[in-house]
Amino acid sequence: MKINLILILFFASSTLFGAGSRFTNESKFKKGNVVIVMTIDWEGRELSKENLEALKAFRNKYPGIPILHFLNAAYYTKPDANAAEITKKIKSVMRKHDEHGLHIHAWKSLVEASGVKFKTKPDLGGWSLRNCQFDCGHVVSLTAYSAEEMQKIIRKSNEILVKNGFSRPKSFRSGAWQTGPTVATALSREGFYLDSSATVDYFVSRSWGKSSLLVQSINRLWPGMSTVKQPYLMKTEHKPIWQLPNNASLADYTKPNTIFRTLKDNVDEFLRNPKPVHYVVTGFHLETAKRYLPRVEKALEKIIDYSSSKGVPIQFAHFPINLEGRR
Ligand SMILES: [Zn+2]
């Protein structure tokens with residue numbers, strides 16, 4: 001099973017929509033497949049050796065899985081930042097077939113480096129203002145900032161990443177999935193084509209509690225979201241941008257079986273309603289990779305087995321290449 005999995009993953013990623021994307025000859029689906037988009041949220045908090053090592057081990061074990069990294073510029077704005085070291089660490093776990101977008105949390109150091117006044121509310125976790133002499137603001141909601149302020153923070157983040165050898169991000173995920181109207185408008189004005197912040201409260205409510213500010217904000221921002229929700233065009237005050245829902249959430253908030261169940265929801269939805277491509281977006285955080293990556297791995301192995309038993313082709317890709325307006 002292990003060897004097959006590795007071969008399948010490698011094969012699946014070697015071609016995106018060609019014949020190679022099918023891992024079984026018995027597939028009854030001649031034109032469609034389920035695409036798993038693996039994402040990493042880089043929190044901008046710290047780059048510890050143990051989490052980078054855990055991610056490296058994953059990359060070596062599954063070289064065929066491309067990753068869409070949502071990078072965070074706040075590593076570079078910390079008081080003790082060593083830019084060359086940070087870049088080296090981030091690049092050590094990136095691979096040629098990866099892509100990267102941008103991830104923003106309202107870190108005080110980043111907000112102030114952007115020339116914007118730091119805001120302290122709403123603090124979705126109630127602990128975001130600890131240790132402000134070093135840096136703070138991790139889960140202060142981005143909705144606190146106006147579109148103009150967000151544009152400045154986005155611009156600064158892009159500038160930092162480009163200065164340190166990364167390409168200019170075009171895709172985005174908000175810290176704590178907080179893409180409200182002002183964030184979406186700022187993204188569109190700054191030339192982003194994609195946001196991947198729409199999510200379900202399903203996982204988060206188990207660990208944060210249904211009455212937490214985080215869960216309430218997710219429900220307010222993303223009404224009608226589901227674990228099988230597909231990409232759609234999202235209105236902004238500028239041009240519309242694509243929303244690629246993070247429909248399978250992120251590994252931190254759940255157990256392997258729950259991750260598997262959301263992946264299975266998507267395979268079952270594809271079985272009911274086959275289409276050329278059905279997206280399922282999952283992932284994890286760099287800062288907790290050592291702890292939670294094994295859960296992702298277990299869920300992947302189970303979904304490959306399940307899909308195979310149903311004859312559903314699975315493919316790993318890092319962004320939706322067949323959407324209108326993209327490439
Ligand atoms: Zn985050």
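This is a predicted model: local features need pLDDT of at least 70, side-chain atom pairs count only at pLDDT 80 or more; totals for chains, interfaces and linings use all residues.

**Reading the model together**

Colleague: Is Ile218 buried or exposed?

Modeller: The general idea is to count neighbours: 20 or more other C-beta atoms within 10 Å make a residue buried. Ile218 has 26 other C-beta atoms within 10 Å, so Ile218 is buried. Across the chain, buried residues make up 49% of the 327 residues.

Colleague: Which residues does Ile218 touch, leaving out those up to four places away in sequence?

Modeller: Trp177, Thr199, Asp201 and Val204. Take Trp177: Ile218 is 41 residues from Trp177 in sequence, yet their C-alpha atoms are 7.1 Å apart. For the chain, among contacts with a separation of 6 or more, 78% are between residues 24 or more positions apart.

Colleague: Now the helices. How many helices and strands are there?

Modeller: The chain has 10 helices and 9 strands. For a pair, look at the angle and the axis distance: helix H2 (residues 49-61) packs with helix H10 (residues 289-310) at about 25 degrees, the axes being 8 Å apart. Angles under 35 degrees count as roughly parallel, so H2 is roughly parallel to H10.

Colleague: Which residues of H2 and H10 meet?

Modeller: From H2 come Glu50, Asn51, Ala54, Leu55 and Phe58, and they meet Ala289, Lys290, Leu293 and Glu297 of H10. The residues of this contact between H2 and H10 comprise 5 nonpolar, 1 polar and 3 charged.

Definitions and conventions:
Residues are numbered from 1 along each chain as its sequence is written. Helices (H or I, at least four residues) and strands (E, at least two) are DSSP runs, numbered from the N terminus. A residue is buried if 20 or more other C-beta atoms lie within 10 Å of its own, exposed if 12 or fewer, and partly exposed in between; C-beta atoms are placed from the backbone. Two residues are in contact if their C-beta atoms, placed from the backbone, lie within 7 Å. Axes are lines fitted to C-alpha atoms, for helices over the stretch in contact, and angles run from 0 to 180 degrees between N-to-C directions. Angles under 35 degrees count as roughly parallel, over 145 as roughly antiparallel, 65 to 115 as roughly perpendicular and the rest as oblique. Ala, Val, Leu, Ile, Met, Phe, Trp, Tyr, Cys and Pro count as nonpolar, Asp, Glu, Lys and Arg as charged, and the others, Gly among them, as polar.
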